[in-house]
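Below is a short report on selected helices of one protein model. The structure is shown first, and the text follows.

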Amino acid sequence: MTTDFDQILVVDLGAQYAQLIARRVREANVYSEIVPRTITAAEVSRRSPAGIILSGGPDSVYAEDAYRIDPGILELGIPILGICYGHQLIADLLGGNVENTGLGEFGKAEMNVSEAECVLFSELPLSQTVWMSHRDSVAQVPEGFIATASTPNASVAAMENPERGIYGVQFHPEVIHTDRGMDVLKRFLYDACDALPTWTRHSIIEEAVSSVRAQVGGERIICGLSGGVDSSVAAALVHEAVGDQLTCIFVDHGLLRKGEAEQVVDTFRDHFKIDLVHVDAADRFIDLLAGVTDPEEKRKIIGETFIRVFEDAAAELSDARFLVQGTLYPDVIESGTGSAAKIKSHHNVGGLPDDMKFELVEPLRDLFKDEVRAVGAELGLPEDIVWRQPFPGPGLAVRIIGDVTRERLEILREADAVVTEEIRRAGLEREIWQAFGVLPAIRSVGVQGDGRTYAHPLIVRAVTSEDAMTADWARLPYELLEKISNRVINEVDGINRVAYDISSKPPATIEWE
């Protein structure tokens, strides 16, 4: 991002928490970016960040293939904070001593601050609960450094050299289990780096609007609108920038949740007055899915058909030069940026055709999900869209285990609506990452009234998560599960029993297909 905001570079040393560190910095209203460990001192100098954070990592600094950084980075005079492995790496590079004492720490630990006048712990309690995850420890600080805190198994739980602007902590301030972790990060950002907390939803919108206007000028733009959070916020943001130059194409594949198609049309055509092309292609998609039970085949059919339908609609707008995509920063990272291993390819990052005629406009490319929601709320999007839970691109087709038929879609749509409504009534909608129904194409025997039934079961799936890479099953109250079950069985024809999925990811996945 080309920006006037103070920025912090988070050097990814292989930590599972690199994204979380970057998010926590932004929560302090300071812009951050994740960069690879191979970044050179010259590149860092060119980018002129307000500060640098070295993340944790899985290895020992003495391992044969241990991750290193360009040592010249430590000589640039830019404030640096090392976390866990980053803390040990600083000590090792600057002549300190790191040892495996055999007394590792994992989980909560009580830390005592020994230097109350230090930068990182200024005005904070002398005793704090911190989260540790290490085997090696800094045994001797480099010349010019002072040890500022300790735990029972880490004599140097923190160290600093304010004259050089270099700091290290063995614990993880970015996790919620470290009670004063955000305060420690803010001391580094505001006091050590003199960074200004100007990265706010207002400034994000101003920056994005300015960037979009500079990129597209007076050209026509189209946006593939799915109704999900990302594409909706991207569309609203681009419309804020260019107004009537934007046309949104909403391909309704008939696989959405109850009421979603109507809400998309109402929000963007009637409320925002955006030029919206509504393509009702439900029959085309459902006919092509007839008899298909393999989930990958379903995805392939839906993906290819979606592109064809979108291309047909876009052909009517032959003067459009730009295409809006709702790409987010985690999409970019997970698809491989050089700083992180490639986890999975995202269709809106690396899966577009090489011969695509459009130039991409990606106003959310530098944002995390929570920032996208904040921007959407600021732009006036309805709460139901801003806080809409993640939903797979193939929609309900991959929540029907087996053949997708109109009857099964209608059954699942109605049952899923009950699940969503009861989760909302219980006040748990924002605490749960996803909650939905799954409909297996099987039948089981039941009894309703005085008669025998032979109908579908519904599996309810609800999970908590930070980023969907891992997830735990939500401990919903029994009373809520009972209410969901009773309503579904009584109100939805075709279902006679409800089960609750209590598996976590891993080993399961969030979706069933």
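The model is predicted.

**Helices α8 and α9**

Helix α8 and helix α9 pack with their axes 10 Å apart, at an angle of about 150°. An angle over 145° counts as roughly antiparallel, and α8 and α9 are therefore roughly antiparallel to each other. The crossing of α8 past α9 is right-handed. On the α8 side, the contact is made by Arg 284, Phe 285, Leu 288 and Leu 289. The α9 side contributes Lys 298, Ile 301, Ile 302, Thr 305, Phe 306, Arg 308, Val 309 and Asp 312. By type, the residues of this contact are 7 nonpolar, 4 charged and 1 polar.

**Ser 232 in α6**

Ser 232 is part of helix α6 and is buried, with a relative accessible area of 0%. Apart from neighbours within four places in sequence, Ser 232 contacts Leu 225, Gly 227, Phe 268, Leu 381 and Ile 385.

**Helix α13**

From its first C-alpha to its last, α13 reaches 29 Å, close to the 28 Å expected at 1.5 Å a residue. Buried residues of α13 include Arg 408, Leu 409, Arg 413, Asp 416 and Glu 422. The buried residues of α13 pack against α8, α14 and the strands β15, β16, β18 and β20. After α13 comes Gly 427, with a positive phi near 75°.

The helices named above cover these residues:

| Helix | Residues |
|---|---|
| α6 | residues 229-242 |
| α8 | residues 282-289 |
| α9 | residues 295-315 |
| α13 | residues 406-425 |

Notes. Residues are numbered from 1 along each chain as its sequence is written. This is a predicted model: local features need pLDDT of at least 70, side-chain atom pairs count only at pLDDT 80 or more; totals for chains, interfaces and linings use all residues. Side-chain values use heavy atoms; hydrogens and water are left out. Axes are lines fitted to C-alpha atoms, for helices over the stretch in contact, and angles run from 0 to 180 degrees between N-to-C directions. Helices (H or I, at least four residues) and strands (E, at least two) are DSSP runs, numbered from the N terminus. Angles under 35 degrees count as roughly parallel, over 145 as roughly antiparallel, 65 to 115 as roughly perpendicular and the rest as oblique. A crossing is left-handed if the near helix is turned anticlockwise from the far one by less than a right angle, and right-handed if clockwise. Contact means heavy atoms within 4.5 Å. Ala, Val, Leu, Ile, Met, Phe, Trp, Tyr, Cys and Pro count as nonpolar, Asp, Glu, Lys and Arg as charged, and the others, Gly among them, as polar. Buried means under 20% relative accessible area, exposed over 50%, partly exposed in between (1.4 Å probe, protein chains only). The expected span of a helix is 1.5 Å times one less than its number of residues.
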